[in-house]
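Trainee: I would like to go through the terms used for this structure and ask what stands behind each one.

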Amino acid sequence: RELFERASALGVEEAWLFRWYARLEGEHGDVWLARHFFARAVNANPLDPEPWKEWGELEEASGNADRARTYMARHHSLAVSKGLEGGRIDARKPLGRKWRRHS
């Protein structure tokens with residue numbers, strides 16, 4: 001915790017840092033603080049699907065099935081979008097293909 005607190009004191013606002021801090025707090029049973037840091041991770045990088053997945057896993061482990069489903073759905077949505085944009089498929093026209101003449 002000391003390392004996370006030092007990084008926070010230095011003004012580090014990185015999503016990966018908040019994710020790790022949230023996971024640490026979740027493993028030590030402080031669900032409320034873990035939620036806080038998952039929210040900060042999401043705010044730091046809103047298009048990253050991984051914090052949503054980990055947050056959903058935390059909620060599922062805490063017995064909050066509805067909240068877990070919501071966060072996992074957001075994870076899947078962002079993961080699909082990221083996959084479309086990172087690949088050769090245009091996210092705005094997923095069925096579009098380049099036109100070429102067949103001989």
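Predicted model: local features only at pLDDT ≥ 70, side-chain atom pairs only at ≥ 80, totals over all residues.

Trainee: Why are α3 and α4 called roughly antiparallel?

Mentor: Helix α3 covers residues 31–44 and helix α4 covers residues 50–61, and the two pack at an angle of about 165°. Angles over 145 degrees count as roughly antiparallel, so α3 is roughly antiparallel to α4. Their axes are 10 Å apart, and the crossing of α3 and α4 is left-handed.

Trainee: Which residues make that contact?

Mentor: From α3 come Val-31, Ala-34, Arg-35, Phe-38, Ala-39, Ala-41 and Val-42. From α4 come Pro-51, Trp-52, Glu-54, Trp-55, Leu-58 and Glu-59. The residues of this contact of α3 with α4 divide into ten nonpolar, no polar and three charged.

Trainee: How do you know how α2 and α3 are oriented to each other?

Mentor: Again from the angle. Helix α2, residues 15–27, packs with α3 at about 165°. The cut-off for roughly antiparallel is over 145 degrees, and α2 and α3 are therefore roughly antiparallel to each other. The axes of α2 and α3 lie 8 Å apart, and α2 passes α3 in a left-handed crossing.

Trainee: What makes up the contact between α2 and α3?

Mentor: On the α2 side there are Ala-15, Phe-18, Arg-19, Tyr-21, Ala-22, Arg-23, Glu-25 and Gly-26. They meet Leu-33, Ala-34, Phe-37, Phe-38, Arg-40, Ala-41 and Ala-44 in α3. In this contact of α2 with α3, ten residues are nonpolar, one is polar and four are charged.

Trainee: What makes α2 and α4 roughly parallel?

Mentor: Their angle is about 10°, with the axes 11 Å apart. Under 35 degrees counts as roughly parallel, so α2 is roughly parallel to α4. The contact is made by Arg-19, Arg-23 and Gly-26 of α2 and by Glu-50, Pro-51, Glu-54 and Leu-58 of α4. These residues of the α2 and α4 contact divide into two nonpolar, one polar and four charged.

Trainee: Is Asn-64 buried, exposed or partly exposed, and how do you know?

Mentor: Asn-64 has 26% relative accessibility. Partly exposed is the range between the 20% limit for buried and the 50% limit for exposed, so Asn-64 counts as partly exposed. Asn-64 is placed in the loop between α4 and α5. Not counting residues up to four places away in sequence, Asn-64 touches Arg-35 and Glu-59.

Trainee: What makes His-75 a buried residue?

Mentor: The relative accessible area of His-75 is 9%. The limit for buried is under 20%, so His-75 is buried. His-75 has its place in helix α5, residues 65–86. Apart from neighbours within four places in sequence, His-75 is in contact with Pro-49, Glu-50, Trp-52 and Lys-53.

Trainee: Why is Ala-73 called partly exposed?

Mentor: Ala-73, which lies in helix α5, has a relative accessible area of 44%. Exposed requires over 50%, and buried requires under 20%, so Ala-73 is partly exposed. The C-alpha atoms of Ala-73 and Pro-49 are separated by 10.0 Å, and the two residues are 24 residues apart along the chain.

Trainee: How do you know whether Phe-18 is buried or exposed?

Mentor: Phe-18, in helix α2, has a relative accessible area of 3%. With buried set at under 20%, Phe-18 is therefore buried. Phe-18 and Pro-51 are 33 residues apart along the chain, with their C-alpha atoms separated by 9.0 Å.

Trainee: How many of the residues in the chain are buried, as a percentage?

Mentor: Buried residues make up 28% of the 103 residues. The accessible surface of the chain comes to about 7,700 Å², and 53% of that surface belongs to carbon and sulfur atoms.

Key: Residues numbered from 1 in each chain as written. Heavy atoms only, no water. Axes fitted to C-alpha atoms, helices over the stretch in contact; angles between N-to-C directions. Helix = DSSP H or I, 4+ residues; strand = E, 2+ residues; numbered from the N terminus. Parallel < 35°, antiparallel > 145°, perpendicular 65-115°, else oblique. Left-handed = near helix turned anticlockwise from the far one by under 90°. Contact = heavy atoms within 4.5 Å. Nonpolar A, V, L, I, M, F, W, Y, C, P; charged D, E, K, R; others polar. Buried < 20%, exposed > 50% of the residue type's maximum accessible area, 1.4 Å probe, protein only. Areas by Shrake-Rupley, 256 points an atom, 1.4 Å probe, with all protein chains shown as cover.
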